[in-house]
Amino acid sequence: MTTRHVLAAAFTTLFVLAFAGTAAGYHTRFVGENCNYASPTPTSYITREGSAAVALRARHEGYQWGGGCWNDNDRDDSPNDPTTDGGTGGEGGDCSGFTFKVWREALSTSDASFHQWGMLRNVHGPYTAASFKVGSGAPNVTASKSTLIKMDALASDSHIGLVYAVNPDGTDQIIEAKGEAYGTGIWTRTYRGSSSYGGVRRVGWSS
Ligand SMILES: [Ca+2]
Ligand SMILES: [Ca+2]
């Protein structure tokens with residue numbers, strides 16, 4: 001999310017509220033009916049495989065711009081929301097919210113320790129794709145794209161996805177919250193070869 005996007009979302013919300021009578025199906029209420037605001041559990045030990053397991057639970061679930069709460073029923077419970085409206089309360093993270101939770105980060109950008117957030121904890125975190133890209137926050141650093149391994153990330157100014165596996169041809173299987181029309185899943189992507197994308201790494205893995 002960027003400031004511009006937040007403003008766009010605010011105007012979208014106003015527009016939708018003004019025409020609520022014609023916006024059938026707009027409010028999915030997934031967050032209100034399913035999600036919580038429980039405190040995260042600090043954890044001192046985290047592996048890339050453990051992080052991948054957290055990410056895989058989100059596979060086949062929804063996408064919500066500005067969101068960060070999903071269940072594990074392998075379907076998108078909130079399809080076809082307005083694409084840049086954080087107020088629709090739909091299922092799923094967006095690309096940066098998904099990364100934040102999978103990397104078990106803290107709400108404070110000066111805190112590099114690990115925080116285990118429940119799948120149904122609604123949290124986006126303080127980072128946008130663009131801030132991840134430049135290594136903002138104590139847990140995050142930029143990294144050479146040639147060194148990226150499983151659960152490192154590739155970020156542009158508007159998107160971030162995590163390396164799930166490296167393909168023999170140099171592309172990657174990326175696990176990401178891809179977009180409203182796609183939900184969250186694993187796709188072969190060419191981010192590593194794109195000049196728009198840089199490498200990002202979460203620091204402090206146990207293995
Ligand atoms: Ca679901
Ligand atoms: Ca959605």
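## Asn 80, out in the open

Asn 80 is exposed, with a relative accessible area of 69%; exposed means over 50%, buried under 20%, and partly exposed in between, using a 1.4 Å probe and protein chains only. You will find Asn 80 in the loop between β2 and β3. Its phi is near 65°, a positive value in a residue other than glycine.

A word on what you are looking at: this is a predicted model, in which local features need pLDDT of at least 70, side-chain atom pairs count only at pLDDT 80 or more, and totals for chains, interfaces and linings use all residues. Residues are numbered from 1 along each chain as its sequence is written, chains are lettered from A and ligands numbered from 1 in the order in which they are written, and side-chain values use heavy atoms, with hydrogens and water left out.

## Asp 76, in the loop with Asn 80

Asp 76 sits in the loop between β2 (68-69) and β3 (92-93), and Asn 80 lies in the loop between β2 and β3 too. Asp 76 is buried yet has no salt bridge, that is, a side-chain nitrogen of Lys or Arg within 4 Å of a carboxyl oxygen of Asp or Glu. The nearest side chain of opposite charge, Arg 75, is 7.3 Å away; for charge, Lys and Arg count as positive and Asp and Glu as negative, while His and the chain ends are not counted.

What does the side chain of Asp 76 have by it? One of its polar atoms lies 2.8 Å from the backbone nitrogen of Ser 78. Leaving aside neighbours within four places in sequence, Asp 76 is in contact (heavy atoms within 4.5 Å) with His 60, Glu 61, Gly 62, Tyr 63, Glu 91 and Glu 180.

## Met 151, hidden away

Met 151 also has a positive phi, near 75°, in a residue other than glycine. Its place is the loop between β5 (140-143) and β6 (153-155). Met 151 counts as buried, at 0% relative accessibility.

Helix α4 (residues 95-102) is mostly covered, with 8 of its 8 residues buried. Among them are Cys 95, Phe 98, Lys 101 and Val 102. After α4 comes Arg 104, whose phi is positive, near 55°.

The protein chain has 5 helices and 10 strands; these are DSSP runs (helices H or I, at least four residues; strands E, at least two), numbered from the N terminus. Buried residues make up 47% of its 207 residues.

Notes. Polar contact = N/O pair within 3.5 Å; in protein donor to acceptor, adjacent residues only side chain to side chain.
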